[in-house]
Amino acid sequence: MRDGGLDREAPQPADASALGDAPRIRAILTTAARAGRSVSYSELLGDLGFRFTRPKMRALCKTLAEVDRLCAADGEPDLAVLVVRESDRLPGQGWWVGGTALLLGYDGPWEGASAARFIRVQQDAVFAYWAAKKASASSTSSSRPLRISRNRVAALRVKWRSWDTKMQAFSEP
């Protein structure tokens, strides 16, 4: 059942397919990016109608890889970097082992001040992209989507394969 949360709405049955609904999760994260804020795993699961559990978080992480693939195909920055732990506001282990940080030139620890600085830069780039897109959409009705290079797409494909392999191993009993 869905937790009523702060709005105190009546509990509604959670739809298990929501965990794999990449377009829906992408929309939630795009809204957060436009607002210039990160989203905790717990908050995102709550938006999908679930309470936080590790198995649900793992399922969500698999879908985040698909969300980033969709973003790259549309020439948009990755959104998974916005999904963070409540404790330190950094992405979880799956994001780091998926290879995104290495592709972006970071080879440091997954926790602490240097990780926080790196993540802040990445999140700020996502926020700036969506702020610019919002501004250009309001100033012109025929804006073209930004495109990314073929090399970046190839690098992201490697990351997605690596992420998927690692997440499969991580979620096996």
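**Chatting through a predicted model**

User: Where is Thr63 found?
Analyst: Thr63 sits in helix 3. Keep in mind that this is a predicted model.

User: Is Thr63 buried or exposed?
Analyst: Thr63 is buried, because its relative accessible area is 7% and the cut-off for buried is under 20%.

User: What is Thr63 in contact with, leaving aside neighbours within four places in sequence?
Analyst: Setting those neighbours aside, Thr63 contacts Leu19, Gly20, Asp21, Ala22 and Ile25. Two of the names, Ala22 and Ile25, come back when we look at helix 1.

User: OK, helix 1 then. How do the axes of helix 1 and helix 3 cross?
Analyst: Helix 1 covers residues 22-35, and helix 3 covers residues 54-73. Their axes come within 9 Å and cross at roughly 75°.

User: What do you call that arrangement?
Analyst: Helix 1 is roughly perpendicular to helix 3.

User: Which residues make the contact?
Analyst: Helix 1 brings Ala22, Ile25, Arg26 and Leu29. Helix 3 brings Leu60, Thr63, Leu64, Glu66, Val67, Leu70 and Cys71.

User: How do the residues of that contact divide?
Analyst: Eight are nonpolar, one is polar and two are charged.

User: Let's zoom out. How many helices and strands are there?
Analyst: The protein has seven helices and two strands. Along the sequence, the pattern reads α-β-α-α-β-α-α-α-α.

User: What share of the residues is buried?
Analyst: The protein has 173 residues, and 38% of them count as buried.

User: What share of contacts joins residues at least 24 apart?
Analyst: Take the contacts between residues at least 6 apart in sequence. Of these, 64% join residues at least 24 apart.

User: New topic. How many disulfides does the structure hold?
Analyst: The structure holds zero disulfides.

User: Are Cys61 and Cys71 buried or exposed?
Analyst: Cys61 is buried, at 6% relative accessible area. Cys71 is buried too, at 0%.

User: Where is Arg89, and how exposed?
Analyst: Arg89 is in the loop between strand 2 (83-84) and helix 4 (93-97). At 34% relative accessibility, Arg89 counts as partly exposed.

User: What else lies in the loop between strand 2 and helix 4?
Analyst: Glu86 lies there. Glu86 is exposed, with 54% relative accessible area.

User: What does Glu86 touch, beyond residues up to four places away?
Analyst: Glu86 touches Ser40 and Ser42. Glu86 and Ser42 are 44 residues apart in sequence, and 7.8 Å apart from C-alpha to C-alpha.

User: And Ala80, buried or exposed?
Analyst: Ala80 is buried, with a relative accessible area of 3%. Ala80 is in the loop between helix 3 and strand 2.

User: Which residues is Ala80 in contact with, leaving aside neighbours within four places?
Analyst: Ala80 contacts Leu64, Asp68 and Trp95. Trp95 is 15 residues from Ala80 in sequence, and their C-alpha atoms are 7.6 Å apart.

User: Last one. Where is Thr100 found?
Analyst: Thr100 is in helix 5 (residues 100-103). Thr100 is buried, with a relative accessible area of 3%. Thr100 and Asp78 are 22 residues apart in sequence and 9.3 Å apart in space, C-alpha to C-alpha.

Key. Residues are numbered from 1 along each chain as its sequence is written. This is a predicted model: local features need pLDDT of at least 70, side-chain atom pairs count only at pLDDT 80 or more; totals for chains, interfaces and linings use all residues. Side-chain values use heavy atoms; hydrogens and water are left out. Helices (H or I, at least four residues) and strands (E, at least two) are DSSP runs, numbered from the N terminus. Buried means under 20% relative accessible area, exposed over 50%, partly exposed in between (1.4 Å probe, protein chains only). Contact means heavy atoms within 4.5 Å. A disulfide is a pair of cysteine sulfur atoms within 2.5 Å. Axes are lines fitted to C-alpha atoms, for helices over the stretch in contact, and angles run from 0 to 180 degrees between N-to-C directions. Angles under 35 degrees count as roughly parallel, over 145 as roughly antiparallel, 65 to 115 as roughly perpendicular and the rest as oblique. Ala, Val, Leu, Ile, Met, Phe, Trp, Tyr, Cys and Pro count as nonpolar, Asp, Glu, Lys and Arg as charged, and the others, Gly among them, as polar.
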